[in-house]
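The structure is shown below.

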Amino acid sequence: RRVTAMVRDSTRSPDDRIGSGRWGDVGFPLTAYAWAPAGALSPRAGLVVFKLGCALSLALALFLLFPAFRNTTQIGPVALPVFLGIALLYEPFWFSFSTGGQATPIAFLLLVLFYRLLVQDRIGWASVALALAIPIKPFFIVILPILFLGREIRTVVYTTFGLGVLAGTSVLLLGLPLHLEWWETMQIS
C-alpha cells in the first residue's frame, strides 16, 4: 500500500503535493503584508521563494555577524571554520528548509542589523531594525527591558515609538478585532 501511495503521490503535480498553502504563523497581523507577495505565486513557487528568502537572510546575517565573532575570539586563522561550524549547528537554518519555511532567519537578520547599528551608535536605524524584528517574532520584546537595564534609554524610546507606529498602522489597516484575536492566540501559545 505504501508503495502505491508513493507512486500515486509522485504522479501528482508538485503544487498538489504542497498542501493547503495555509501558514500557521502567529506573527503580528501587519506582517501578513510582508508574506503576501509569495501568496500570489503557485504554492510550490511561493514556497521556493520564501525558503530562498530565508536562506539569503540567514547567509547575509552570518556574513554581517562574522567580523564581530572574529574580533572577539583569540582563535586566529581557524575563526572562519569554527564560525561556519557553529552556523551549521544553528537549528532554525535547517528547520526553515525541513518545514514550510519560517521567519526566524529574517528576524535574525534584523537582529544582526540592530546589533551592528547599535555598536556603531546609529541608534535611530538600530531601533528601526529592532522595531521590524519584534512584530515578526513577538517574543523579541524581551530585548526592550534588557536594553533599559543596560541604560540604552534612547534605543528603548525610539523602538517603542516605532512599534507604536507599526501597531497603529496595523490596527488602521486590519481592524481591532483581528488584533484582539491575535492577542488571544499569543496568550495561548
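## Basis of the description

Axes are lines fitted to C-alpha atoms, for helices over the stretch in contact, and angles run from 0 to 180 degrees between N-to-C directions. The structure is a predicted model. Two packed helices are described by the angle between their axes and the distance between the axes.

## Helices α7 and α9

Helix α7, residues 123–136, and helix α9, residues 153–174, have axes that come within 8 Å and cross at roughly 50 degrees. Because of this angle, α7 is oblique to α9. The crossing of α7 and α9 is right-handed.

From α7, the contact involves Ile-123, Gly-124, Ser-127, Leu-130, Ala-131, Leu-132, Ile-134 and Pro-135. These meet Arg-154, Thr-155, Tyr-158, Thr-159, Gly-162, Leu-163 and Leu-166 in α9. By class, the residues of the contact of α7 with α9 are nine nonpolar, five polar and one charged.

## Helices α9 and α10

Helix α9 also packs with α10, at an angle of about 120 degrees and with the axes 7 Å apart. Because of this angle, α9 is oblique to α10. Ser-170, Val-171 and Leu-174 of α9 make the contact with Leu-176, Leu-178 and His-179 of α10. Four nonpolar and two polar residues form the contact of α9 with α10, with no charged residue.

## The second largest pocket

The second largest pocket has a volume of about 250 Å³. Its lining consists of Phe-28, Ile-134, Pro-135, Pro-138, Ile-141, Leu-163, Gly-164, Leu-166, Ala-167, Trp-182 and Trp-183.

Helix α9 gives the most to the lining of the second largest pocket, with four residues. Ten residues of the lining are nonpolar, one is polar and none is charged. Ile-134 and Pro-135 of α7, together with Leu-163 and Leu-166 of α9, belong to the contact between these two helices, and these four residues are also among those that line the second largest pocket.

## Helices α3 and α6

Helix α3, residues 43–72, packs with helix α6, residues 104–119, at an angle of about 25 degrees, and their axes are 8 Å apart. Because of this angle, α3 is roughly parallel to α6. The crossing of α3 and α6 is left-handed.

On the α3 side, the contact is made by Phe-50, Cys-54, Ser-57, Leu-58, Leu-60, Ala-61, Leu-62, Leu-64, Leu-65, Pro-67 and Ala-68. On the α6 side, Pro-105, Ile-106, Phe-108, Leu-109, Val-112, Leu-113, Tyr-115 and Arg-116 take part. The contact of α3 with α6 has 17 nonpolar residues, one polar and one charged.

Terms used. Residues numbered from 1 in each chain as written. Predicted model: local features only at pLDDT ≥ 70, side-chain atom pairs only at ≥ 80, totals over all residues. Heavy atoms only, no water. Parallel < 35°, antiparallel > 145°, perpendicular 65-115°, else oblique. Left-handed = near helix turned anticlockwise from the far one by under 90°. Contact = heavy atoms within 4.5 Å. Nonpolar A, V, L, I, M, F, W, Y, C, P; charged D, E, K, R; others polar. 1 Å grid on protein atoms, 1.4 Å probe; cavity = no way out; pocket = protein on both sides within 12 Å on 5 of 7 lines; lining within 4 Å. Points joined across faces, edges and corners; volume = space filled by probe spheres on them.
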